[in-house]
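Here's a quick briefing to read with the model open next to you. It starts with a couple of individual residues and then steps back to the whole chain.

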Amino acid sequence: MDLGLAGKTAIVTGGARGIGASIVHALASEGCAVAIVDREAGVGTPGEALAVALRMEGARVQAWAADVRDGGRASQVVEEVAQALGGPHLLVCSAGITADATVFRMSESDWDDVLAVNLTGTFHWNQAVAPRFRDARGGRIVNLASINGLRGKFGQANYAASKGGVIAFSKSLARELGKFGVTVNVVAPGMVKTDMTRGLPPEVVDRALEETVLGRLAEPEDCADAVVFLCSDRARHITGEVLRVDGGQAI
């Protein structure tokens, strides 16, 4: 099935690991040139290693170092990507962190850090591409949230608030950019088998598994497939939506 992605350029924040790396793989396999954005780039970093591996397979992939909390760096990288790879035509914001604690024990710095990366970081990169997409009269933005941004989660008030903010922000931006032919959507995973979740206590993972109705936790590739669909021509009339990839956890 031709998804209409060949020849387009995508930027993926948090693209060096986990869900982000799977998204990079999936977009590259559809013929996209991909810019991997991560906190570190260069020899020996995960982002550069992924870029090298995909280039060996014939893909056009480069890595850029950027802290998503730095709005000026976002604008700079978007310009550099345009010069090096063309476009960009697609943006996927996957960068995110956690710092779990109950509200009674949560430090202000843990609150600030999670909101700064997950929500403000998403704002910076959406804002950096929005004028280009507006002027090009087209583009696709997919922001990664979480089912916990829809339902809340014990011990994750900062994370849930940041992801709920991503959802509300994305819906607002979808309204602002729709008349220019730009779509803005959200993928909201449940628990996904990544390095981040493998370090969780077994009882937390078991509880998430019990919540599912499909009887398994998501793989990163499940989220990547949803992102690719929303980036494709097959989703050209979908905007402002939240696509849960959770095996039924939040039903």
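Ser146 counts as buried, because its relative accessibility is 5% and the cut-off for buried is under 20%. Keep in mind that you're looking at a predicted model. Ser146 sits in the loop that links strand 5 (139-144) to helix 5 (148-151).

**Around Ser146**

- A polar atom of the Ser146 side chain lies 3.0 Å from the backbone nitrogen of Asn148.
- Leaving out residues up to four places away in sequence, Ser146 touches Tyr159, Lys163, Ile167, Ala188 and Pro189.

**Around Asn158**

- You'll find Asn158 in helix 6, which covers residues 157-177.
- Buried or exposed? Asn158 counts as buried, since its relative accessibility is 0% and anything under 20% qualifies.
- The side chain of Asn158 has a polar atom 3.0 Å from the backbone oxygen of Ala99.
- Setting aside residues up to four places away in sequence, the residues that Asn158 touches are Ala99, Met106, Asp110, Trp111, Val114 and Leu115.

- Asp112 belongs to helix 4 (residues 108-136).
- With a relative accessible area of 38%, Asp112 is partly exposed, because that value falls between the 20% and 50% cut-offs.
- How far apart are the C-alpha atoms of Asp112 and Asn158? They are separated by 8.2 Å, although the two residues are 46 residues apart along the chain.

**The whole protein**

- The fold has nine helices and seven strands.
- The radius of gyration is 17 Å, which agrees with the value near 18 Å that a compact globule of 251 residues would have.
- Along the principal axes, the C-alpha trace spans about 45 × 40 × 40 Å.
- Of the 251 residues, 51% count as buried.
- If you take contacts with a separation of 6 or more, 73% of them are between residues 24 or more positions apart.

**Surface and charge**

- The protein's accessible surface comes to about 11,700 Å², and carbon and sulfur atoms account for 52% of that.
- There are 25 positive and 29 negative charges, and their mean positions are 6 Å apart.

Notes:
Residues are numbered from 1 along each chain as its sequence is written. This is a predicted model: local features need pLDDT of at least 70, side-chain atom pairs count only at pLDDT 80 or more; totals for chains, interfaces and linings use all residues. Side-chain values use heavy atoms; hydrogens and water are left out. Helices (H or I, at least four residues) and strands (E, at least two) are DSSP runs, numbered from the N terminus. The radius of gyration is taken over C-alpha atoms; the globule rule is 2.2 Å times the number of residues to the power 0.38. Buried means under 20% relative accessible area, exposed over 50%, partly exposed in between (1.4 Å probe, protein chains only). Contact means heavy atoms within 4.5 Å. Accessible areas come from the Shrake-Rupley method with a 1.4 Å probe; for residues, only the protein chains shown count as cover. Lys and Arg count as positive and Asp and Glu as negative; His and the chain ends are not counted. The place of a charge is taken as NZ of Lys, CZ of Arg, CG of Asp or CD of Glu. A polar contact is a pair of N or O atoms within 3.5 Å; within protein, one must be able to donate a hydrogen and the other to accept it, and residues adjacent in sequence count only if both atoms are side-chain atoms.
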